[in-house]
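Biologist: Please take a close look at the salt bridges in this model, and at the strands and side chains around them. I would like the cut-offs stated along the way.

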Amino acid sequence: LVAVKQGDVVAVDVRVKGGKPRFIRVLAGDSLSVFAKRGEKRSFKLQLGLFEDLHPPLRANAPVGQVIVREGETEIGRVPAVAGEAVEEGAFWERFF
């Protein structure tokens, strides 16, 4: 059973301070599968943990944190979280907003 698939959107509108664009999507950088009995339904919750505030420049698929996969309160595993698109430095006045 696949809990999260590489390329799945984990978060939208994650702010990149001083970047152009100012907001990006964050994607799962890898897949995570778990064992399940045939026909068994399991529910997973994804949590994003960023390494720090995001600043440009960022290349597409650059690691920005971790995706934590949980089932209830139990952590099932972690995969890398990556930038969904490249971000360049904004104009001088855009860096302050």
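Modeller: Burial first: a residue is buried under 20% relative accessible area, exposed over 50%, and partly exposed in between, with a 1.4 Å probe and protein chains only. The model is predicted, so local features need pLDDT of at least 70 and side-chain atom pairs count only at pLDDT 80 or more, while totals for chains, interfaces and linings use all residues. Residues are numbered from 1 along each chain as its sequence is written, and side-chain values use heavy atoms, with hydrogens and water left out.

A salt bridge here is a side-chain nitrogen of Lys or Arg within 4 Å of a carboxyl oxygen of Asp or Glu. By this rule there are three. Elements are DSSP runs numbered from the N terminus, a helix being H or I over at least four residues and a strand being E over at least two.

One of the salt bridges joins R78 and E75, with N and O 2.8 Å apart. R78 is partly exposed because its relative accessibility is 43%, and E75 is also partly exposed, at 35%.

Another links E85 to R25, with 3.6 Å between the closest N and O atoms. E85 lies in the loop between strand 8 and strand 9 (88–89) and R25 in strand 4 (residues 23–28), so this pair ties together parts 60 residues apart in sequence. Both partners are partly exposed: E85 has a relative accessible area of 22%, and R25 comes to 34%.

E71 and R42 form a salt bridge as well, at 2.7 Å from N to O. Because E71 belongs to strand 7 and R42 to the loop between strand 5 and strand 6, the pair ties together parts that are 29 residues apart in sequence. E71 is partly exposed at 24%, as is R42 at 26%.

The strand that holds E71 has partners on record in the model. Strands pair if DSSP finds at least two bridges between them. Strand 7 (residues 63–71) pairs with strand 6 (residues 45–50) in the antiparallel sense over six bridges, and L48 has V67 as its bridge partner in strand 7. Strand 7 also runs antiparallel to strand 8 (residues 74–83), joined by eight bridges; there P63 stands opposite V82. The hairpin of these two strands has two residues between them, and G72 takes a positive phi near 65°.

V34 is buried because its relative accessibility is 13%. Contact means heavy atoms within 4.5 Å. Beyond residues up to four places away in sequence, V34 touches L1, R42, F44 and I76.

A nonpolar core is a set of buried Ala, Val, Leu, Ile, Met, Phe, Trp, Tyr and Cys residues joined through side-chain atoms within 4.5 Å. The largest one has 19 residues, and I24, L54, L58 and V64 have the most contacts inside it. Two or more residues of this core come from each of strand 1 (2–4), strand 2 (9–15), strand 4, strand 7 and strand 8.
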